[in-house]
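User: I would like to learn how to read the packing of helices in a protein model. Could you take me through it step by step?

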Amino acid sequence: MGEAAMVNDHHGMKIYSLPGRKFNDLDNRLLKIIHENLTSEEANLPPDMKARLNHLRLHVQHEGHDSMHAEMVLILFIVTLIAHVGLVIWKKTHFKTYQQVSMVGVWLAPLIVCLNLHWWVFVFWWLVFTCITGLVMRSAVQRPLQPTTPRQVYKWFLAVHKLCTFLAVTGYALVMLTVVGLPALFRISPVMMFDYSIMFLFYGIYYGVLGRDLAEVCADKMAAHIGYYKPEGMPTRALERGICAICGNPQLVPEGEEGVIEDTLRLTCGHTFHEFCIRGWCIVGKKHTCPYCKEKVDMNRLVNYWEKPHVFFGQMVDWVRLMLAWQPLIIVLVQNINRWLDLK
């Protein structure tokens with residue numbers, strides 16, 4: 001443990017202080033408890049004083065470790081840089097395996113962390129999401145594919161996507177309101193409001209990333225089973241007029257006419273689809289090409305004003321995936337390197 005500066009006043013009493021911190025009686029009392037190991041006095045402290053005591057104890061433990069901390073930051077930067085370069089190369093050379101391993105990492109890494117930290121609320125919602133999504137994915141890969149399955153699958157993942165967008169936006173807004181001091185106006189604890197905002201933000205981003213990855217897998221499987229789509233090469237079936245290549249079902253109304261349930265949309269390549277199917281394919285399933293001919297879809301024509309936030313959120317969570325899947329492993333690697341080098 002580091003040593004705080006100690007002097008004797010003119011009464012012969014010990015005075016403790018930390019270098020670089022302004023002296024005050026409260027810190028002196030708490031530092032005395034730390035250095036003289038006054039456990040009985042520590043036990044009688046109120047919760048806010050215990051929190052301050054732990055904060056000071058952390059300063060004492062790391063006092064004089066400035067050069068060591070600089071080395072730890074340098075190691076973190078170098079390892080992160082090398083890891084990200086390696087991941088980019090892996091993604092470019094073997095995209096399929098990178099995508100599969102990343103999806104497993106996104107699914108399991110936060111669960112392992114929360115189990116170790118005993119965060120049972122997250123574990124509960126993870127199990128609920130996993131069970132429901134598992135049933136949805138099971139129906140998506142079954143053969144023969146039921147006619148209503150693609151619509152049900154896209155409905156589930158679109159609902160997850162919209163809910164995650166709402167949670168993430170709400171969490172971000174609460175963070176901003178906490179920073180400007182709004183909780184004090186309503187006598188709400190800033191710490192509690194900040195905790196809830198971070199929870200909303202994390203849930204929205206995490207399940208948004210995971211939901212889009214799983215939706216993409218389901219979209220590939222369903223379209224490939226129907227036969228109008230292949231990830232590579234030409235489809236195995238010729239597309240008949242008036243048939244949706246995503247679900248394989250007849251379109252309800254001709255293109256250009258207003259439908260009772262849904263409209264029929266025509267892409268720039270000339271192929272037509274159920275409105276719900278093509279929006280699910282592009283917005284939720286991350287496919288920006290025609291399912292049949294693979295010509296690029298003009299998202300500005302396909303997406304209306306109210307759906308643009310969902311598209312933006314989808315693009316954002318695609319970028320965050322790297323942090324969710326790989327950053328925890330990078331941090332664990334850096335911690336082991338620091339432990340091996342005896343850095344504290």
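Analyst: Axes are lines fitted to C-alpha atoms, for helices over the stretch in contact, and angles run from 0 to 180 degrees between N-to-C directions. Helices (H or I, at least four residues) and strands (E, at least two) are DSSP runs, numbered from the N terminus. This is a predicted model, in which local features need pLDDT of at least 70 and side-chain atom pairs count only at pLDDT 80 or more, while totals for chains, interfaces and linings use all residues. Residues are numbered from 1 along each chain as its sequence is written, and side-chain values use heavy atoms, with hydrogens and water left out.

User: At what angle do helix 6 and helix 7 pack, and how far apart are their axes?

Analyst: Two packed helices are described by the angle between their axes and the distance between the axes. Here helix 6 (residues 120–141) and helix 7 (residues 149–179) pack at about 155°, and their axes are 9 Å apart. Helix 6 is therefore roughly antiparallel to helix 7, given that angles under 35 degrees count as roughly parallel, over 145 as roughly antiparallel, 65 to 115 as roughly perpendicular and the rest as oblique.

User: Which residues make the contact?

Analyst: Contact means heavy atoms within 4.5 Å. Helix 6 contributes Phe 129, Ile 132, Thr 133, Val 136, Ser 139 and Ala 140, and helix 7 contributes Thr 149, Val 153, Trp 156, Phe 157 and Val 160. These residues divide into eight nonpolar, three polar and no charged, where Ala, Val, Leu, Ile, Met, Phe, Trp, Tyr, Cys and Pro count as nonpolar, Asp, Glu, Lys and Arg as charged, and the others, Gly among them, as polar.

User: How many aromatic pairs are there?

Analyst: Rings of Phe, Tyr and Trp (its six-membered ring) pair if their centres lie within 6.5 Å, and planes under 30 degrees apart count as stacked, over 60 as edge-to-face and the rest as tilted. By this rule there are 13 aromatic pairs. In one of them, the rings of Tyr 203 and Tyr 207 have centres 6.0 Å apart and planes at 65°, so this pair is edge-to-face. Phe 122, Phe 129, Trp 156, Phe 202, Tyr 203, Tyr 206 and Tyr 207 form one aromatic cluster.

User: Are Tyr 203 and Tyr 207 buried or exposed?

Analyst: Both are buried, where buried means under 20% relative accessible area, exposed over 50%, and partly exposed in between (1.4 Å probe, protein chains only). Asp 220, in helix 9 (residues 190–226), is partly exposed because its relative accessible area is 22%.
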